[in-house]
Amino acid sequence: MKIGIEAQRIFRTHKHGMDMVVLELIKNLQQIDTKNEYFIFVNPDDDRSCFQPTANFNLIEVKKSSYPMWEQYYLSKAAKKLKLDLLHCTSNTAPVKCPVPLMITLHDIIYLEGKSHIAAGTWYQRLGNIYRIWNVPKVFKHSKKVITVSEFERQNILKYFHCTNDKVDTVYNGVSEHFKPQEASVINSVKKQFNLPDNYLLFLGNTAPKKNLKGVLQALKILHAQNKLHIPVVMPDFGSDYLNKMLKDLGAENLAPFIHLTGYIPNNQLPGVYAGAAAFLYPSLRESFGLPILEAMACGCPVITSNNSSMIEIAADAALLIDPFKPEEIAEALEKILNQQQLTAELIEKGKARAVQFSYRKGAEKVLSLYKQLVNQ
């Protein structure tokens, strides 16, 4: 088989969830398949060390360009030239006029669920959603197979597109091997590097409205008013201007001393940050998977997350589940974790056991099986 895998953004320095998922897929396929030929399509960027070609895994650097131009023109042209048996596009979108058989990973269809997703977020996020709204329905129709990352999202997709059950398969994400309990020396090193407090809570969100920064700040405001907020919250990936505006809008400027901004933290340094936290806060309004939930659990950090969408499926009984639309529930859960040592210890042990149930190796084996089925068809 000649398989192409779209991995457009894996060479960028600031990687996020989908970038890490496709990297893990490629690395695990390299370990289990030395027979078939693979072509990994990337947009040239600075971090070239994350993927190393092997005898049957070829690196194809497609001309550096904007996301739509790279995908619709240059990727399509490269796939046609190589006469691929199958092209797997891994980040929701794909060439509309794909010259070879197509398989897509559709992580979510949040952007198809209402106009509010166009109006919310940064301009970059809005433009991305507009592109997906245009692209995804078109490529879904032409794809030989669609995979998604949770059973919750699979049911959403089946319902939205009115397609048969065999069109969409679930392939769960896993936990990268470096996410595990950390030695005290590693935790201390990370704290020193990012100037972290000795004791802290962790909120790993971004500027996307679904990450629920507003709800987190409202919960912290409740605790502060009750004189129960005694440790700061570490928040990577936020700029001070964005945060300060939201604090002002909420009338919560007095929370500023309790919030510690770090900027972007590379993925390979996140385990130490998770392991050093008193609790991990992930009260998203909507997720298709929730990878940080498992990462935190694997590092021995107790988790608070939402009781909706995919998060209840991923966390099961290994986290404190709250209604993300009710800040008072977030505040109550934080108070429990900080004050009930037995509960915290139970969550840590349940979390470690839960995290090991998700494996990138199993996911790669299933994806390889799908490649073979589609090519044989």
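What follows is a conversation about a predicted model, taken up one topic at a time.

Colleague: How many cavities of 30 Å³ or more are found in the whole structure?

Modeller: Rolling a probe the size of a water molecule over the atoms shows where empty space is left. A cavity is a set of points where a 1.4 Å probe fits but cannot get out. When the whole structure is searched for cavities of 30 Å³ or more, the number found is two.

Colleague: Which element gives the most residues to the lining of the largest cavity?

Modeller: The largest cavity has a volume of about 170 Å³, and of the 16 residues that line it, the closest to its centre are Val21, Leu25, Val171, Asn173 and Val367. The elements that give two or more residues to this lining are H1 and H14. With four residues, the element that gives the most to the lining of the largest cavity is H14.

Colleague: How many charged residues are in the lining of the largest cavity?

Modeller: Asp, Glu, Lys and Arg count as charged, so these are the residues to look for in the lining. The lining of the largest cavity divides into 10 nonpolar and six polar residues, and the count of charged residues is none.

Colleague: Which element provides the largest share of the lining of the second largest cavity?

Modeller: The second largest cavity has a volume of about 30 Å³, and the residues that line it include Glu6, Arg9, Met18, Asp19, Val22 and Thr90. By class, its lining has four nonpolar, three polar and three charged residues. The largest share of this lining, three residues, comes from H1.

Colleague: Turning to the pockets, which element provides the largest share of the lining of the second largest pocket?

Modeller: About 660 Å³ of space lies in the second largest pocket, and among the 29 residues that line it, the closest to its centre are Glu24, Ser176, Glu177, His178 and Asn267. The elements that give two or more residues to its lining are helix H1 (17–32), helix H13 (341–355) and helix H14 (360–376). By class, the lining has 12 nonpolar, nine polar and eight charged residues. The largest share, six residues, comes from H1.

Colleague: Now for the helices: is H2 roughly parallel or roughly antiparallel to H4?

Modeller: Helix H2 (residues 67–82) and helix H4 (residues 123–142) pack with their axes 12 Å apart, at an angle of about 20°. Angles under 35 degrees count as roughly parallel, so H2 and H4 are roughly parallel.

Colleague: How many nonpolar residues are in the contact of H2 with H4?

Modeller: In this contact, Tyr67, Pro68, Glu71 and Gln72 of H2 meet Tyr131, Trp134 and Asn135 of H4. Sorted by class, these residues comprise two polar and one charged, while the number of nonpolar residues is four.

Colleague: Is the crossing of H7 past H12 left-handed or right-handed?

Modeller: The axes of helix H7 (residues 213–225) and helix H12 (residues 327–339) come within 8 Å and cross at roughly 60°, and H7 and H12 are therefore oblique to each other. As for the sense in which H7 passes H12, the crossing is right-handed.

Colleague: How many nonpolar residues are in the contact of H7 with H12?

Modeller: The residues of H7 in this contact are Gly215, Gln218, Ala219, Leu220, Ile222 and Leu223, and those of H12 are Pro327, Glu328, Ile330, Ala331 and Leu334. Two of the residues are polar and one is charged, and the number of nonpolar residues is eight.

Colleague: Which word describes how H10 lies relative to H13?

Modeller: The axes of helix H10 (residues 291–298) and H13 come within 7 Å and cross at roughly 120°. Angles of 65 to 115 degrees count as roughly perpendicular and those over 145 as roughly antiparallel, so the word for H10 relative to H13 is oblique.

Colleague: Which residues of H13 are met by H10?

Modeller: H10 passes H13 in a left-handed crossing, and the residues in their contact divide into four nonpolar, one polar and two charged. From H10 the contact involves Leu294, Met297 and Ala298, and the residues they meet in H13 are Gly351, Lys352, Arg354 and Ala355.

Technical notes:
Residues are numbered from 1 along each chain as its sequence is written. This is a predicted model: local features need pLDDT of at least 70, side-chain atom pairs count only at pLDDT 80 or more; totals for chains, interfaces and linings use all residues. Side-chain values use heavy atoms; hydrogens and water are left out. On a 1 Å grid over the protein atoms alone, a cavity is a set of points where a 1.4 Å probe fits but cannot get out, and a pocket is an open set with protein on both sides within 12 Å along at least five of seven lines; lining residues have an atom within 4 Å of a point. Grid points are joined across faces, edges and corners, and a volume is the space filled by probe spheres set on the points. Axes are lines fitted to C-alpha atoms, for helices over the stretch in contact, and angles run from 0 to 180 degrees between N-to-C directions. A crossing is left-handed if the near helix is turned anticlockwise from the far one by less than a right angle, and right-handed if clockwise. Contact means heavy atoms within 4.5 Å.
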